[in-house]
Amino acid sequence: MQRTLVLLKPDTVQRRLMGEIISRFENKGLNIIGLKMLQVTPDLAKQHYAEHVEKPFYPSLEAFITAAPIVALAIEGLDVIKVVRDMLGATSGLAAAAGTIRGDYSSSRQMNLVHASDGPEAAKRELELYFDDSEICHYQPVL
Ligand code: CMP
């Protein structure tokens, strides 16, 4: 079993797509083991996007990710990091394939609705940024 962090970004919340996107993960059979709504601060944005802080698009990315609440999800499943990344599609909504979340709902490189960890190290680091151990639920799916 693997775990990954997914963020439903401010554009998802503002466009009222939270339920639609969460349903996709549920319908896929993945296990949501943590879920919270929060406002990202500039400090948290810099920690989360540490690898992008020096990039030209970072000021705009920080303004976007702190502009409205987000929803953080901890998701568990077999090979879940790759499964979720495949469900999101390419970074840019314009390039993302139809049938993926970004491909179906986004036409933007920045406002691409969702973030997901891109590997095991990132997943561990990012889950720790958004969730305390006590906020992760342990249960067996009933079906
Ligand atoms: P995400 O998967 O959260 O990882 C980094 C984010 O930066 C990305 O989604 C986009 O929201 C944003 N991003 C990546 N590249 C660009 C870019 N060239 N211009 C603007 N925003 C970008």
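In this protein, 70% of the contacts with a separation of 6 or more are between residues 24 or more positions apart; two residues are in contact if their C-beta atoms, placed from the backbone, lie within 7 Å. The model is predicted: local features need pLDDT of at least 70, side-chain atom pairs count only at pLDDT 80 or more, and totals for chains, interfaces and linings use all residues. Residues are numbered from 1 along each chain as its sequence is written.

**Overall fold**
- The protein has seven helices and four strands, in the order β-α-α-β-α-α-β-α-α-β-α from the N terminus. Helices (H or I, at least four residues) and strands (E, at least two) are DSSP runs, numbered from the N terminus.
- The C-alpha trace spans about 45 × 35 × 25 Å along its principal axes.
- Buried residues (20 or more other C-beta atoms within 10 Å of their own, C-beta atoms being placed from the backbone) are 30% of the 143 residues.

**Helix 5**
- Val80, Ile81, Val84 and Leu88 are buried in helix 5 (residues 80-88). They lie on the same side of helix 5 because they cover an arc of only 100° around the axis, the arc being that of the directions from the helix axis to the C-beta atoms.
- The buried residues of helix 5 pack against strand 1 (2-8), strand 3 (70-77), helix 6 (101-105), strand 4 (114-116) and helix 7 (120-130).
- Glycine 89, with a positive phi near 90°, follows helix 5.

**Ligand surroundings**
- Around the ligand are His52, Phe57, Leu61, Thr91, Arg109, Gln110, Asn112 and His115, where a residue is near a molecule if its C-beta atom, placed from the backbone, lies within 6 Å of it.

Technical notes
A residue is buried if 20 or more other C-beta atoms lie within 10 Å of its own, exposed if 12 or fewer, and partly exposed in between; C-beta atoms are placed from the backbone.
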